[in-house]
Amino acid sequence: MTKSEMLFERAVKYIPGGVNSPVRAFGSVGETPRFLVSAKGSHLTDADGNTYLDYVGSWGPMILGHSHPVVLEAVSEACKKGLSFGAATEAEVEMAELISSIVPSVEMVRMVNSGTEAVMSAIRAARGFTGRNKILKFAGCYHGHSDAMLVKAGSGVMTAGVPDSAGVPAGCTEDTLTASYNDLESVEKLFDAWGYEIAAVIVEPVGANMGVVLPKEGFLEGLRRICTKHGSLLIFDEVITGFRLSLSGAQGYYGIKPDLTTFGKIIGGGMPVGAYGGRKDVMEMVAPKGPVYQAGTLSGNPVAMAAGLAQIRLLRDTPGFYQELHRKSHRLFTGMEEILKEAESPYQLNHIGSLGCLFFTEQPVDDYASAKTSDTEAFARYFSHMLREGIYLAPSQFEAMFVSAAITEEEIEETLQAVRRYFISQ
Ligand code: KE4
């Protein structure tokens with residue numbers, strides 16, 4: 001038995017499914033989860049000493065690569081002053097000022113501890129501000145695991161093939177409306193029926209939890225127009241795209257101004273951090289300023305702030321960071337497309353910036369229904385091949401490849417050779 005197998009055997013006795021988050025279980029790819037022991041730059045090392053090129057990056061946070069010395073130093077210095085105070089600190093002010101200076105739509109921001117918490121709180125603020133209850137989401141988008149969002153959710157919910165979750169009373173989801181991604185008509189229909197009862201529309205501006213699905217021309221602009229017309233708030237869930245698609249996320253990339261934005265992952269530099277923010281008039285509804293209650297013992301934790309501040313400042317201050325990241329990512333994804341073409345493979349590759357997804361389906365993927373036509377068994381075979389080639393991909397068809405700045409040109413070529421060995425010299 002490998003050490004990972006032994007550890008997994010122990011883990012399943014005390015942790016549901018042996019993991020602390022379902023997508024890590026490798027369930028849909030029929031492999032034993034690799035128990036990792038360390039990570040540096042673009043590389044992971046597992047308990048058996050195997051090393052991998054990392055295209056998961058802890059599901060997004062590690063955009064700089066792992067164990068960046070500047071981030072580690074910042075965390076180490078913060079630790080020496082104490083781990084948590086449960087009181088106001090300068091670091092939280094610096095983080096709020098930094099986010100507001102980078103993301104123009106964010107006039108005020110509240111730190112929380114996860115993307116789930118950010119979304120849950122943003123929705124509460126939207127309902128408190130508008131006095132309305134309905135929330136419109138899109139099938140295949142994943143916004144964390146708060147009850148109201150577990151309706152046709154993506155990510156691990158989609159991987160498990162369970163459209164919704166057990167344990168969520170109908171009362172928690174009866175105000176959640178679901179439309180089809182990239183289908184403005186499906187949104188208009190729901191607004192025709194519920195218009196002035198809809199508090200907010202929440203959307204991943206680039207879908208990355210049903211695999212990667214890009215917004216069609218006019219889709220995001222249409223959501224902005226419809227929300228403004230009905231006095232509903234537009235919430236961009238930028239937990240994945242935030243600080244990744246550009247320094248100011250998808251909203252900066254596409255030039256759309258949401259009313260609220262949720263953040264996670266990159267904002268914490270690898271530590272547990274989420275945030276929600278946006279219009280001042282909405283955010284001033286949040287306690288203790290306003291009547292919308294939200295709180296958290298470790299919100300704005302000084303060590304987590306140190307990691308997040310160090311990472312975001314590096315993203316802001318490194319000349320040409322995004323151009324270089326996108327240039328390398330483009331080489332990877334277009335190289336994969338060339339291999340698929342040479343192999344006369346019908347599979348689809350969606351990509352934007354440093355996000356990409358190879359769908360094992362013959363039809364273009366632009367929403368939940370088309371993503372679901374993917375052959376997850378075929379994906380599992382590809383996943384296992386790449387794992388044996390030392391390439392660590394997300395263990396699900398319905399997740400993204402996350403390219404980090406630490407990946408080198410040579411490592412991209414190595415990756416393309418591994419893809420080639422799968423599709424051409426099979
Ligand atoms: P967390 O609560 O996992 O920090 O964030 C929830 C969340 C919210 N919004 C978006 C757009 C997200 O992608 C996520 C979490 N993403 C998944 C990966 N697809 C996290 C991985 C996991 O669940 O372990």
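Visitor: Okay, where is P288 placed?

Guide: P288 sits in the loop between α10 (280-283) and α11. Helices here are DSSP runs of H or I with at least four residues, strands are E runs of at least two, and both are numbered from the N terminus. Before going on: this is a predicted model, where local features need pLDDT of at least 70, side-chain atom pairs count only at pLDDT 80 or more, and totals for chains, interfaces and linings use all residues. Residues are numbered from 1 along each chain as its sequence is written, and side-chain values use heavy atoms, with hydrogens and water left out.

Visitor: And the peptide bond from A287 to P288, cis or trans?

Guide: That bond is cis, with omega near 5°. Most peptide bonds are trans, and most residues other than glycine have a negative phi.

Visitor: Which loop holds W59, and what is its phi?

Guide: W59 is in the loop between β3 (51-54) and α2 (69-80). Its phi is positive, about 70°, although W59 is not a glycine.

Visitor: Is W59 buried or exposed?

Guide: W59 counts as buried because its relative accessibility is 16%. The cut-offs are under 20% relative accessible area for buried, over 50% for exposed and partly exposed in between, using a 1.4 Å probe and protein chains only.

Visitor: What about F243, what is its phi near?

Guide: Phi of F243 is near 60°, again a positive value in a residue other than glycine. F243 is found in the loop between β8 (233-237) and α9 (249-254), and at 1% relative accessibility F243 counts as buried.

Visitor: Switching to F402. Which residues is F402 in contact with?

Guide: Leaving aside neighbours within four places in sequence, F402 contacts D54, Y55, V56, W59, G60, I240, R244, S354 and L355. Contact means heavy atoms within 4.5 Å. F402 itself lies in strand β14 (residues 401-402) and is buried, with a relative accessible area of 2%.

Visitor: Helix packing next. At what angle do α3 and α11 cross?

Guide: The axes of α3 (residues 90-102) and α11 (residues 302-317) cross at roughly 30° and come within 10 Å. Axes are lines fitted to C-alpha atoms, for helices over the stretch in contact, and angles run from 0 to 180 degrees between N-to-C directions. The two helices are therefore roughly parallel to each other; that label covers angles under 35 degrees, with over 145 roughly antiparallel, 65 to 115 roughly perpendicular and the rest oblique.

Visitor: Which residues meet there?

Guide: From α3 there are A91, E92, E94, M95, L98 and I102, and they meet M305, G308, L309, I312, R313 and R316 in α11.

Visitor: How do α7 and α8 pack?

Guide: α7 (residues 184-194) and α8 (residues 219-230) pack at about 10°, with their axes 10 Å apart. α7 and α8 are therefore roughly parallel to each other. Contacts involve L184, V187, E188 and F191 of α7, with F219, G222, L223, R225, I226 and H230 of α8.

Visitor: Zooming out, how many helices and strands are there?

Guide: The protein has 15 helices and 14 strands. Buried residues make up 57% of the 426 residues, and the C-alpha atoms fill a box of roughly 60 × 55 × 50 Å along the principal axes.
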